[in-house]
Amino acid sequence: MALPESLSVAQARRVTLAAQGFADPRPGGATDLRHLRRVLRRVHLIQMDSVNVLQRAHFMPLYSRLGPYPVELLERAAYRKPRDLFEFWGHEASLITTDLQPLFRWRMARAGELAWGGMRRVVQEQPELVTRVLDVVRHRGPITAAEIEHDEPRRSDHWGWNWSSVKQALEWLFYSGEITAAERTTSFARRYDLPERVLPASVINAPTPAEPDALRALVELSARALGVAAEPELRDYFRLPVDGFKRAVAELVEDQVLRPVSVPGWKQPTYLHHEAKLPRWVRAATLVSPFDPLIWERGRTERLFGMNYRIEIYVPAAQRLYGYYVLPFLLGDQLAARVDLKADRKTGRLLIPAAWLEPGADPDEAAVALAGELHRLAGWLGLSEVVPPAGGDLAGPLTAALAARPE
């Protein structure tokens, strides 16, 4: 059934949640690669981040959609052959499905224009160093930046052989596609290697699409992953350049892949993917990472859910409104609460510095559902205790709900 040309905000929420996989049934038994691939077909990429106060960012989107799952599944998909994922700059540093690698070769080819200053400087000022580092990776990879710096002979000549310049050279080679990430160390450092030794042969041998064709394909995938989206979030999903984006959207509209729609309060041109679904309801009860694609674009989050959400890691403690590492809590099709969390791995406890109720949400309903989710999360993280919240306007109801639910 065709969706209407005008969607209410509630309908747009349900379309979005369905597109992102939150309406899909969770695995009834053991989670396996089939379930992981189902999520990846929905979202196409997963953002990475080094912050580990709760759990590494790239593990969380799968948890939010599948529930507790073996993290080894994602490690296997990303770093063991045959790989489902590869690391590159998609939406920030990301794990991207390997079949999309050809669609990012335009970005690799434009590294001299798009990469940031330190990378461009090292290739301009120290090309011999870049050549040398590539040669080391070719002969010794997989290898980390620290291993190159520490193991290679120290040099005092014009190559400027030190960790910082080696790392910049590696990042240039990574951005330009000459090397890729073979794996991550326990300290989250990349081990670099040549793409032909990491990626499937079918990917390496795939033809390189023209940039306009690649941009069009990426816009279509963004629209598919978002369901309904205004232009800013369509472009933001894969961080696409302005040049070529408008043309790609126009062509997709002309081909009826995207359909213009209106949503109250959405001022930018808005489009519905032609395969988008509108479920009657969404029965979710899960925490959402600050780096989840559902809430990447904060303006969209506010338009869809009425939540003014900002991550406050880099805000001075005295100026934080909600906490250091705050996760929204999705209940049904609403973000009903937000909770500041920390995994105290030494003591085996899940700490809750604060829990906050969103306007319009029922405190008792939100607290009971959130208590169940916190126990589930703690079990997945290998923690044995959920400590009652220390602050926030949901602290009282949540403390009672946690006490009423056995460990």
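Reader: What percentage of the 407 residues of the chain count as buried?

Author: A residue is called buried if its relative accessible area is under 20%, exposed if over 50%, and partly exposed in between, with a 1.4 Å probe and protein chains only. By this rule, 56% of the 407 residues of the chain are buried. Please note that this is a predicted model, in which local features need pLDDT of at least 70 and side-chain atom pairs count only at pLDDT 80 or more, while totals for chains, interfaces and linings use all residues. Residues are numbered from 1 along each chain as its sequence is written, and side-chain values use heavy atoms, with hydrogens and water left out.

Reader: Which radius of gyration does the chain have, and why does it agree with a compact globule?

Author: The radius of gyration is taken over C-alpha atoms, and the globule rule is 2.2 Å times the number of residues to the power 0.38. For 407 residues the rule gives a value near 22 Å, and the chain has 22 Å, so the two agree. Along the principal axes, the C-alpha atoms fill a box of roughly 65 × 55 × 45 Å.

Reader: How many helices and strands are there in the chain?

Author: Helices (H or I, at least four residues) and strands (E, at least two) are DSSP runs, numbered from the N terminus. The chain contains 17 helices and 13 strands. A contact means heavy atoms within 4.5 Å. Among contacts between residues at least 6 apart in sequence, 66% join residues at least 24 apart.

Reader: In what order do the five strands of the open sheet stand?

Author: In general, strands of a sheet pair through backbone hydrogen bonds, either parallel or antiparallel. Two strands are said to pair if DSSP finds at least two bridges between them. Here the order is E9-E10-E11-E12-E13, with mixed pairing. At the edges stand strand E9 (285–287) and strand E13 (385–386), each of which pairs on one side only.

Reader: How many bridges join strand E11 to strand E12?

Author: Strand E11 (residues 334–344) and strand E12 (residues 349–357) run antiparallel and are joined by seven bridges. Across this pair, Arg 338 stands opposite Trp 356, and Val 339 stands opposite Ala 355. The hairpin of E11 and E12 has four residues between the strands, and Gly 348 there takes a positive phi near 70 degrees.

Reader: Which residue of E11 is the bridge partner of Val 326?

Author: The partner is Asp 340. Strand E10 (residues 326–331) pairs with E11 in the antiparallel sense over six bridges. Two residues lie between the strands of this hairpin, where Gly 332 has a positive phi near 65 degrees. As for cover, nine of the eleven residues of E11 are buried.

Reader: Which residues in H4 are buried?

Author: An α-helix has 3.6 residues a turn, so residues three or four places apart point the same way. In H4 the buried residues are Leu 73, Leu 74, Ala 77, Ala 78 and Tyr 79. They pack against elements including helix H2 (33–43), strand E1 (45–47) and helix H3 (60–66).

Reader: Is Thr 301 buried or exposed?

Author: Thr 301 counts as buried, because its relative accessibility is 1%. Thr 301 lies in helix H15 (residues 298–305). Leaving aside residues up to four places away in sequence, Thr 301 touches Leu 294, Ile 295, Gly 306, Met 307 and Leu 335.
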